[in-house]
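Open the structure in a viewer and colour it by secondary structure. The stops below say what to select next.

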Amino acid sequence: MFARNVSLHLKPNSVGEFSRMIEKEIIPLLRKQKGFQDEIMFIASGGLEAVGISLWDEQENAKAYDRKTYPEVMKALANVVEGTPQVQTYEVSNSTFHK
C-alpha cells in the first residue's frame, strides 16, 4: 500500500467551502481512480491548514493520479487554497486498514 500526504494552506474563512468541495467533488473523482483506497482529511484548529492523506493499492496508481488528475483537483480547489501544496509520498508499513 502507498500513501500520498498533501499539506495545504487554506484561505481565511474557507473551511466550509473546502470541506464541501472535498466531499462533493474531490472524493467522487478519487473513487474513479484505479487503485484508490481511501482519503483522510484533517483541518487544523483555526482553519488555515489542512492535510490530506490518500491511500493507494500501489505506487504506480498513485503516480498516475499525480500526473493526470491531481492538477485538475488543484484547479478545482484554487478558490480555497493559498500557495503551492506540499506533497510527500510513503510506502505504508503498518496500518489497521492495510490488508
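This is a predicted model: local features need pLDDT of at least 70, side-chain atom pairs count only at pLDDT 80 or more; totals for chains, interfaces and linings use all residues.

Residues are numbered from 1 along each chain as its sequence is written, and side-chain values use heavy atoms, with hydrogens and water left out.

Select residues 15-31, helix α1 (helices are DSSP runs of H or I with at least four residues, strands runs of E with at least two, numbered from the N terminus). Its 17 residues reach 22 Å from first C-alpha to last, close to the 24 Å expected (1.5 Å times one less than the number of residues). At I22, α1 bends by about 40° (the angle between axes fitted to the seven residues ending there and the seven starting there).

Show the side chains of F18, M21, I22, I26, I27 and L30, which are buried in α1 (under 20% relative accessible area, 1.4 Å probe, protein chains only). Their cover includes β1 (2-10), α2 (59-68) and α3 (70-76).

Next, select the strands. They form an open sheet of 4 in the order β2-β3-β1-β4, with antiparallel pairing (strands pair if DSSP finds at least two bridges between them). Its edge strands are β2 and β4. β1 and β4 pair over 8 bridges; zoom in on H9, whose bridge partner in β4 is E82.

Finally, select α2, which lies across β1 and β3 and runs at about 30° to β1 (contact means heavy atoms within 4.5 Å; axes are lines fitted to C-alpha atoms, for helices over the stretch in contact, and angles run from 0 to 180 degrees between N-to-C directions).

How values were computed
Buried means under 20% relative accessible area, exposed over 50%, partly exposed in between (1.4 Å probe, protein chains only).
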